[in-house]
Amino acid sequence: MQRPDWAPDTIDIERPSVARMYDYYLGGSHNFAADRAAAQAMVAAVPEAPLMAQANRAFLRRAVHHLAEAGIRQFLDIGSGIPTVGNVHEIAQRLDPQSRVVYVDVDPVAVAHSREILAGNDRAVVVQEDLRHPEAILAHPDVRKLLDLSQPVAVMVVAVLHFVSDDDRPAELLRVLREALAPGSYLVLSQASDDGRSDDERAEAERVYRRTDNPLWVRSRAELTALFDGFELLDPGVVWVPQWRPDSPESAEDAERAVFMGGVGRLGD
């Protein structure tokens with residue numbers, strides 16, 4: 001297939017990317033035929049996948065809005081993905097233009113388009129790095145330049161941990177981030193869960209994502225709750241994302257089909 005102008009020469013457009021599949025679920029245009037085919041296979045296995053990707057995006061919006069209203073002015077969004085409507089900086093800077101945001105993603109398409117969107121915004125930047133290398137993220141000069149880690153920061157790890165295997169020790173990765181944060185910081189976390197899913201649904205979802213560079217590692221509510229070690233969970237705890245402080249009771253209906261579970265924790269004083 002023909003490579004579009006916006007696609008970096010270094011990426012394989014014939015191999016699905018989880019970031020571009022997620023972009024497809026959200027109705028974006030920065031995806032290729034291979035991404036769409038894999039995403040459609042996922043929808044065949046889990047028909048709610050696009051709606052639940054949107055529900056997860058809405059969870060991110062509500063969490064950022066809540067933290068901005070609570071006085072947080074620094075955000076570190078790891079695994080930020082391809083930019084779409086309702087980015088973290090749009091939400092936070094709408095409430096306070098002085099808010100500072102660092103996006104981190106390993107996908108070159110996500111990074112390239114983030115740079116385009118953030119051009120001229122001196123309080124938001126994107127860094128190409130991997131959640132599996134938290135020390136490199138924390139030491140990156142752009143992170144150090146924009147964020148003051150002696151003051152509270154909201155770390156966003158939204159819809160990315162299900163691509164981090166147990167062998168990569170996700171609890172240890174989060175511990176490294178936690179130990180770098182000042183008291184009063186927050187962790188916003190969500191990932192795909194297999195609670196309530198049939199064996200067939202789980203197996204088919206895992207089969208689809210084995211076609212990508214990021215196989216799927218679904219986790220239970222108990223496993224996700226354990227990843228908040230060192231943080232005090234805000235009410236209502238770890239729940240299906242439509243249940244986390246919904247805009248209306250109706251928006252939390254059918255939450256058990258949400259695919260994603262999430263929560264927000266605060267680092268105590």
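Reply: Contact means heavy atoms within 4.5 Å. This is a predicted model, in which local features need pLDDT of at least 70 and side-chain atom pairs count only at pLDDT 80 or more, while totals for chains, interfaces and linings use all residues. Residues are numbered from 1 along each chain as its sequence is written, and side-chain values use heavy atoms, with hydrogens and water left out.

Me: Among contacts between residues at least 6 apart in sequence, what percentage join residues at least 24 apart?
Reply: The count takes in contacts between residues at least 6 apart in sequence. Of these, the share joining residues at least 24 apart is 72%.

Me: How many helices and strands are there in the protein?
Reply: Helices (H or I, at least four residues) and strands (E, at least two) are DSSP runs, numbered from the N terminus. By that rule the protein has ten helices and eight strands.

Me: What percentage of the residues count as buried?
Reply: Buried means under 20% relative accessible area, exposed means over 50%, and partly exposed lies in between (1.4 Å probe, protein chains only). The protein has 269 residues. The buried share of them is 54%.

Me: Which residues of helix H8 are buried?
Reply: Helix H8 covers residues 170–179. The cover over its buried residues includes strands S1 (74–78), S4 (154–158), S5 (186–192), S6 (231–233) and S8 (260–267), along with helix H6 (134–139). The buried residues are Pro-170, Leu-173, Leu-174, Val-176, Leu-177 and Arg-178.

Me: Why are Glu-179 and Arg-175 separated by about one helical turn?
Reply: The side chains of these two residues meet in a salt bridge, with N to O at 2.6 Å; a salt bridge is a side-chain nitrogen of Lys or Arg within 4 Å of a carboxyl oxygen of Asp or Glu. Glu-179 is exposed at 53% relative accessible area, and Arg-175 is partly exposed at 27%. An α-helix has 3.6 residues a turn, so residues three or four places apart point the same way. Glu-179 and Arg-175 are separated by about one helical turn because both are in helix H8, four residues apart.

Me: Is Arg-219 buried or exposed?
Reply: Arg-219 forms a salt bridge with Asp-166, the closest N and O atoms being 3.0 Å apart. Asp-166 lies in the loop between S4 and H8 and Arg-219 in the loop between helices H9 (199–209) and H10 (221–226), so the pair ties together parts 53 residues apart in sequence. Asp-166 counts as partly exposed, at 44% relative accessibility. Arg-219 has a relative accessible area of 4% and is buried.

Me: How many salt bridges are found in the whole structure?
Reply: One network of salt bridges links Arg-20, Asp-35 and Asp-107. A search of the whole structure gives a count of eleven.

Me: Are the rings of Phe-59 and Trp-244 stacked or edge-to-face?
Reply: Rings of Phe, Tyr and Trp (its six-membered ring) pair if their centres lie within 6.5 Å; planes under 30 degrees apart count as stacked, over 60 as edge-to-face and the rest as tilted. Phe-59 is in helix H3 and Trp-244 in the loop between S7 and S8, 185 residues apart, and both are buried. The ring centres are 5.8 Å apart and the planes stand at 85°, so the pair is edge-to-face.
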